[in-house]
Amino acid sequence: HIVLLYAQARINYWEDVNEDPYQIDIPGIEDPAVSRKLAKLFLLVALNAADENSVIRATINESKPDTETGEVGFDISITSDILRNLLAELRERHAPIADRICSGAGIELMNTDSKITEFIVRSFVESETPILTIHDSYIVPAYADKHLSAAMNEAFEAITGYKDIKIKRDGMGAEQVGELMRRARYHEHNAPEFSDHAYRSVYDQQLTRSEGYIKRLREFREE
């Protein structure tokens, strides 16, 4: 959402700013990972909140342990003073979009997200390639990784006017697996430890497909 807001302000975030939008030093928090986690939570909540008090209350509530899921939340006490200082830091850090913080902009951004996802899904439907969506993330077969990267860039450019976004990948696509296997075969004799690691990385990629999945995949291909 931060990148989308910058795009609306006619700024290509990854080209013109190119730094972690959530990595901020917070007084009283020594662990950078905890600071980033809190800053990200707070900023994303702030984009949906209409005023400062509501975002502070919501963040304090979100930071508490979840008794149903077992999620531990934060190991430190999150106070309103910490969050007010963080809000000032975030507004200074993201000055070009400071007016959108605590403005309820989240609804508009979700609409933009949905348009981007619709663009991507349509591209996969047209090519009859399976795709699953999880918020602003997408799961596709390994052989379709380049298709997904291209579709995401095309969608972002079509909706926002900017391209060359940063894409976070979990797992390896067909191209990465092929390159790793080529390197593994090359190093089998000269560097067996690398070869073993490479083969193990590819092996760990393999997922066990359930009978239900296989049935649905077969039906999809027969349509």
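**Entry 1**

I began with Glu-128, which counts as exposed because its relative accessibility is 61% (exposed means over 50% relative accessible area, buried under 20% and partly exposed in between, with a 1.4 Å probe and protein chains only). I noted that this is a predicted model, in which local features need pLDDT of at least 70 and side-chain atom pairs count only at pLDDT 80 or more, while totals for chains, interfaces and linings use all residues. I also noted that residues are numbered from 1 along each chain as its sequence is written, and that side-chain values use heavy atoms, with hydrogens and water left out.

Where does Glu-128 lie? I found Glu-128 in the loop between helix H6 (106-126) and S1 (helices are DSSP runs of H or I with at least four residues, strands are runs of E with at least two, and both are numbered from the N terminus). I looked up its phi, which is near 55°, a positive value in a residue other than glycine. Most residues other than glycine have a negative phi. Arg-10 also has a positive phi, near 65°, and it sits in the loop between helix H1 (2-8) and helix H2 (13-17). I recorded Arg-10 as exposed, because its relative accessibility is 54%.

**Entry 2: the chain as a whole**

I listed ten helices and two strands in the protein chain, and from the N terminus on the order is α-α-α-α-α-α-β-β-α-α-α-α. Of the 223 residues, 32% count as buried. The chain exposes about 14500 Å², of which carbon and sulfur atoms supply 50% (accessible areas come from the Shrake-Rupley method with a 1.4 Å probe, and for residues only the protein chains shown count as cover).

**Entry 3: the nonpolar core**

Which residues have the most contacts inside the largest nonpolar core? I noted Leu-38, Phe-42, Val-55, Leu-86 and Ile-120, in a core of 44 residues (a nonpolar core is a set of buried Ala, Val, Leu, Ile, Met, Phe, Trp, Tyr and Cys residues joined through side-chain atoms within 4.5 Å). The elements that give two or more residues to this core are H1, helix H3 (32-48), helix H4 (52-62), helix H5 (80-93), H6 and helix H7 (145-160), and the largest share, seven residues, comes from H3. In soluble globular proteins, nonpolar side chains tend to be buried together.

I then followed Ile-120, which, leaving aside its neighbours within four places in sequence, is in contact with Ile-131, Tyr-138, Leu-148, Ala-151, Met-152 and Ala-155 (contact means heavy atoms within 4.5 Å).

**Entry 4: Tyr-22 and the ring pairs**

I found Tyr-22 in the loop between H2 and H3, and it counts as buried because its relative accessibility is 9%. Leaving aside neighbours within four places in sequence, its contacts include Ile-2, Ser-35, Ala-39 and Leu-43. The C-alpha atoms of Tyr-22 and Arg-93 are separated by 9.5 Å, although these residues are 71 residues apart along the chain.

How many aromatic pairs does the structure hold? I noted two (rings of Phe, Tyr and Trp, the last by its six-membered ring, pair if their centres lie within 6.5 Å; planes under 30 degrees apart count as stacked, over 60 as edge-to-face and the rest as tilted). Tyr-6 and Tyr-13 form an edge-to-face pair, 4.8 Å centre to centre with 70° between the planes. Tyr-13 and Trp-14 form an edge-to-face pair at 5.1 Å, with 90° between the planes. Tyr-13 is buried because its relative accessible area is 1%, whereas Trp-14 counts as partly exposed at 23%.

**Entry 5: salt bridges**

I looked for salt bridges in the whole structure and recorded seven (a side-chain nitrogen of Lys or Arg within 4 Å of a carboxyl oxygen of Asp or Glu). In one of them Arg-84 meets Glu-52, the closest N and O atoms being 3.8 Å apart; this pair links distant parts of the chain, with Arg-84 in helix H5 and Glu-52 in helix H4, 32 residues apart. Arg-122 and Glu-118 meet at 3.0 Å, N to O, and both lie in helix H6, four residues apart, about one turn of the helix. Glu-219 and Lys-215 meet at 2.6 Å, N to O, and both lie in helix H10 (residues 211-222), four residues apart.
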